[in-house]
Amino acid sequence: MVMKYLDPKADLTFKKIFGNHPKRLISLLNALLPLSDEEQIRKIKYLPTELVPQLEGGKNTIVDVLCTDVRGRKFCVEMQMEWSDAFQQRVLFNASKLYVSQAKKGGKYSELQPVYSLNLVNDIFTHDTPDFIHNYRIVHDKDSNKVIEGLHFTFIELPKFTPHSIADKRMMVLWLRFLTEINSNTKEIPADLLNDPEIGKAVEDLEVSGFTDAELRAYDKFWDSVSVERTLLDDRYQKGMEEGMEKGRAEGKHEANTETAQRLLAMGISAEQVAKATQLPLEIIKNLNNT
């Protein structure tokens, strides 16, 4: 079976779709970010995606798409295949760096514009709620109406999304369907996706025929690395589970031996004999004998 389309979530395809198409990126941002009608993005300019940290020994961090609008607001977009605490910290760092980078010598803090961080995650990281969109701001711990403006974070768990999840936000549903329904097994694209001008053009950019052999090799290498990372994560999880179970068994055995030792001591048996019978250290037996 010959592939007709590539998956938009891969690093290569995501950047091709959104990295040099302002109207398309504006459509995505307006659809997925919690922006009111007055806050809608009208025009953007792309920024270099390399954010250079000032931390000693730090490496450059690369985001997928970075832009600013006519108001000076900054927008940072990342597509992440696997969730991790390190990714969450990187998101916080990138947004903070972008906010601070606006400061000019002699300038005013009031001139700093908000930073919006949109993070599309092809993984589930909150298992206690069916919600797949998570918006964060700096709010008062007792009154959520009291907000410190400046940093806005949106995380979307793509595997949780279903088209009927949101009934009144058409473009949000269409863009999320584009990201979740199209992959290398797709042969036909639903008409409602093709009928939207920007999504229709994005679909065209996913056609295999538009990629060079080198790009296709890079695409395959990306998914190979994702597969390896998932295997490593599964192995670490399994190892952690096994170590936890072993620790639990050891603790249970230790507790049982301690109870046995206490009973033997109560019968007047010497500490040395109890230690030999229960295989507990003599020091522990003596401490039990003194309690």
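**Exercise 1. Is F161 buried or exposed, and which ring does F161 pair with?**

Step 1: F161 has 8% relative accessibility and counts as buried (buried is under 20% relative accessible area, exposed over 50%, partly exposed in between, with a 1.4 Å probe and protein chains only). This is a predicted model, where local features need pLDDT of at least 70, side-chain atom pairs count only at pLDDT 80 or more, and totals for chains, interfaces and linings use all residues. Residues are numbered from 1 along each chain as its sequence is written, and side-chain values use heavy atoms, leaving out hydrogens and water.

Step 2: The partner is F132, with the ring centres 5.6 Å apart and the planes at 75 degrees, an edge-to-face pair. (Phe, Tyr and Trp rings, the six-membered one for Trp, pair with centres within 6.5 Å; planes under 30 degrees apart are stacked, over 60 edge-to-face, the rest tilted.)

Step 3: F132 is in the loop between β6 (115-121) and β7 (133-139) and F161 in the loop between β8 (147-157) and α4 (170-181), so their pair ties together parts 29 residues apart in sequence. (Helices, H or I of at least four residues, and strands, E of at least two, are DSSP runs numbered from the N terminus.) F132 is also buried, at 7%.
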